[in-house]
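Subject: Handover of a structural model

Dear colleague,

Please find below the sequence and the model that I am handing over to you. A written account of what was found follows directly after it.

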Amino acid sequence: MSNTSENPNPSSSSAKMTLKTSDNELFEVEEAVAMKFCTVKQYFEDEKDSDVAARGSTTVIPLPNVHSAVLTMLISYGKKLPQSNAVADNHEEEETKKKERKKYEQGLLKNLMPGELLDLISAANYLDFKEGLEFFNQALADHIQNKSVEYVRKFFGIKNDYEPHEEEKYREEYAWAFEGIECWLIGELKQFMAKTKTLDIAGTLLGIKPALIVASFSVRGLNSLDSNILKPEMIAPGENILAAWINAIGPTGLDSNT
Amino acid sequence: MRICKARRQSFTIPNDLVEDILSRLPVKSLMRFKCVSKAWHTLISSCRFAKSHFQRASQNPSCMNVIVFTDNCVLSLGYEALFQTCVHGQPVDVDFQGFPLWGEEYVETNLASCNGLVCIELYNRRKRTSEYLVWNPSTKSYKNIPRPTSTPDSMSCWFYRFGFGYDYSTDDHKIVRPFQIFPFDMKRIEIFSLKTFTWKTILVDVDNIYNCSLPLIPKTTYCNGAIYWSARKYGKPSIVYFDLAEEIFHELPWPESVLYCIRDRSSGKCFYTTGLWELGTFGEHLCLSVCTGESRKNLCIQLWVMKESWTRLATIPYLGTCLRPMCVSKNGEKVLMRETQVKYVGITGEWYYKLVEWNLTDHTCTSILCDPNPRMEAATYVESLYLQ
């Protein structure tokens with residue numbers, strides 16, 4: 001429901017306030033939006049009491065804990081919220097505005113990195129921006145809902161103070177809670193572990209026929225740094241190589257590589 | 001504008017924000033995250049957090065679930081299964097130690113639920129004894145309830161239907177069972193507190209409370225800190241409720257305009273619908289579902305909700321069955337009800353229960369869990385962390 005509260009200062013309905021961020025950028029914000037940041041509201045009201053506004057100059061409110069990029073996002077979110085001094089909308093207008101906001105919120109979340117959520121929450125908390133905090137807290141909860149314990153620890157920077165056997169016992173007892181979650185680190189780790197093999201030194205074998213042939217593109221000869229080492233240092237059967245290479249030049253010096 | 005470059009120092013979320021974020025998560029995630037660190041384990045296991053998590057979940061209609069006990073298995077239905085898509089219950093593995101659900105023939109299973117907990121009663125019809133167990137289907141933990149220490153001999157007294165509810169004043173869940181010792185003079189009530197884990201018996205001062213003696217024995221309903229029984233007073237239907245905080249019985253009269261005695265115009269005889277009503281819940285309000293009408297041929301089911309006073313909510317066609325409202329969808333259009341139908345074979349009647357969903361706007365009825373089951377019990381519960 002939108003309020004039709006009487007605006008005590010009709011002239012300030014389009015008044016702007018200036019906010020200064022931690023990186024010294026100045027933002028001119030409509031008062032209606034800025035008042036949603038309760039810290040700013042409190043500051044403004046304190047200043048009003050001390051009669052600064054009466055001097056006619058616009059006060060610059062410092063926000064030393066908020067970076068400009070974060071403030072930009074918070075302001076644009078604040079603008080989409082129903083304004084407390086707006087004229088009462090009829091039901092239809094309210095519904096369209098609600099849909100617009102939902103669409104905006106979805107778009108915002110799609111492009112947001114999880115780490116940025118933490119910054120937004122930190123700033124919204126500092127500014128005491130209740131609606132913003134509500135929205136971003138929910139977004140963060142939705143994000144971590146299906147994540148693994150390891151992910152959550154890393155994300156929040158929490159140290160695991162459980163003994164391995166304690167943790168193991170808990171995981172066994174509540175195995176149902178660990179089913180069907182997004183295995184981030186564990187999945188990748190398992191994949192890596194499966195492809196690891198150990199090598200044993202077999203020694204030098206003589207008299208094997210036919211002798212192994214080294215591919216033409218393999219390097220031979222002395223190692224350029226240490227002449228005691230002969231190349232190739234290690235070989236394995238096969239010619240298909242999967243390796244990383246920089247884009248600038250190909251591995252074989254040919255125009256095309258397969 | 002990307003913020004990544006702007007991060008100058010790592011931000012550790014203060015504890016009150018962590019609590020706020022965690023209170024929005026489902027129980028499965030929270031039980032997993034107890035493993036994150038000892039601090040999180042303590043937080044998630046705390047009573048205070050369980051309470052705030054429950055308060056948030058109870059405002060969210062999607063957190064409503066229904067648990068169904070058929071005669072051989074337990075099924076769980078979530079919000080989507082109930083009100084959105086169809087309709088298959090997820091089987092739930094239950095293994096209660098010392099509490100055999102489908103053990104003996106003369107034992108019936110009764111349910112009562114409140115907040116996130118379900119109280120199961122195994123009632124032995126022959127011996128007239130009851131055993132109780134309290135279960136949280138979300139956390140899968142349960143507690144066997146000890147037998148009352150000072151129960152009078154079950155053969156010399158009459159027990160009324162048990163109730164299970166939440167006492168706001170002490171943040172405690174309670175099981176209550178009123179009873180009367182022969183020759184039916186003083187009425188007492190046994191109360192079990194989950195917090196103290198003990199029973200106590202007190203005398204009650206209530207006039208004429210007893211269940212409808214008709215076959216459709218209604219169950220108790222919990223709503224807003226009180227437990228409601230359907231009763232009869234001097235032939236008229238009435239509602240009696242026990243306030244768990246004050247531990248006092250009160251009476252709640254029926255809505256005045258509802259007729260329970262319908263005079264048949266042609267024969268002049270009275271047709272009483274006093275057996276055809278049930279109490280349930282609609283959202284957080286008490287809901288009365290009563291079969292009434294102008295004449296016997298013109299019956300309908302009226303749903304009344306108790307807000308400040310009785311308000312008529314809807315009227316739906318009467319199809320020969322009794323309906324007990326259980327829960328309602330987000331937009332208030334669809335109501336899940338337990339339908340009771342009596343099938344007579346000769347003179348013996350068998351009661352069959354079904355879960356149905358009524359759409360209040362277009363008066364259509366959909367069956368949930370199709371087979372009418374002679375021994376189906378259902379209860380609603382909200383995801384919660386109580387009783388971990």
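In what order do the 4 strands of the open antiparallel sheet in chain B stand? The order is β19-β20-β21-β22 (chain B), and the pairing is antiparallel. Helices (H or I, at least four residues) and strands (E, at least two) are DSSP runs, numbered from the N terminus, and two strands pair if DSSP finds at least two bridges between them.

Before the details, a note on the basis of this account. This is a predicted model, in which local features need pLDDT of at least 70, side-chain atom pairs count only at pLDDT 80 or more, and totals for chains, interfaces and linings use all residues. Residues are numbered from 1 along each chain as its sequence is written, chains are lettered from A and ligands numbered from 1 in the order in which they are written, and side-chain values use heavy atoms, with hydrogens and water left out.

Chain B as a whole

Chain B contains 5 helices and 27 strands. Of its 388 residues, 54% are buried, where buried means under 20% relative accessible area, exposed over 50%, and partly exposed in between (1.4 Å probe, protein chains only). The accessible surface of chain B is about 18300 Å², and carbon and sulfur atoms supply 50% of that area; such areas come from the Shrake-Rupley method with a 1.4 Å probe, and for residues only the protein chains shown count as cover. Among the contacts in chain B with a separation of 6 or more, 49% link residues 24 or more positions apart; a contact means heavy atoms within 4.5 Å.

The four-stranded sheet of chain B

To return to the opening question, the sheet runs β19-β20-β21-β22 (chain B). Its edge strands are β19 (277–282) and β22 (310–317) of chain B, each of which pairs on one side only. On average, neighbouring strands of this sheet are turned by 30 degrees against each other, direction ignored. Strand β21 (residues 299–306) of chain B is joined to β22(B) by 7 antiparallel bridges, and Cys300(B) has Pro317(B) in β22(B) as its bridge partner.

Strand β1 of chain B

Strand β1 (residues 64–69) of chain B has 5 of its 6 residues buried, so it is largely enclosed by the rest of the structure. It runs antiparallel to strand β27 (residues 377–382) of chain B, with 6 bridges joining β1(B) to that strand; here Asn65(B) stands opposite Tyr381(B) in β27(B). A further 4 bridges join β1(B) to strand β2 (residues 74–77) of chain B, again antiparallel, and Ile67(B) is partnered by Ser76(B) in β2(B). The link between β1(B) and β2(B) is a hairpin through 4 residues.

Two residues with positive phi in chain B

Most residues other than glycine have a negative phi. Asn115(B), which is not a glycine, has a positive phi near 55 degrees. This residue is found in the loop between β4 (107–114) and β5 (117–124) of chain B, and Asn115(B) is buried, with a relative accessible area of 15%. Glu247(B), also not a glycine, has a positive phi of about 60 degrees and lies in the loop between β15 (236–243) and β16 (248–252) of chain B.

The sheet and helices of chain A

Chain A has an open sheet of 3 strands in the order β2-β1-β3 (chain A), with mixed pairing. At its edges stand β2 (26–30) and β3 (60–62) of chain A, each with a single partner strand, so one side of each is left without a neighbour in the sheet. Strand β1 (residues 16–20) of chain A pairs with β2(A) in the antiparallel sense over 5 bridges, and the bridge partner of Met17(A) in β2(A) is Val29(A). These two strands, β1(A) and β2(A), form a hairpin with 5 residues between them, and Asn24(A) in the turn has a positive phi of about 60 degrees. The covered face of β2(A) holds Phe27(A) and Val29(A), whereas Leu26(A), Glu28(A) and Glu30(A) make up the uncovered one.

Helix α3 (residues 68–80) of chain A and helix α5 (residues 114–127) of chain A have axes that come within 10 Å and cross at roughly 70 degrees; axes are lines fitted to C-alpha atoms, for helices over the stretch in contact, and angles run from 0 to 180 degrees between N-to-C directions. That makes α3(A) roughly perpendicular to α5(A), a term for angles of 65 to 115 degrees.

With kind regards

How values were computed. Angles under 35 degrees count as roughly parallel, over 145 as roughly antiparallel, 65 to 115 as roughly perpendicular and the rest as oblique.
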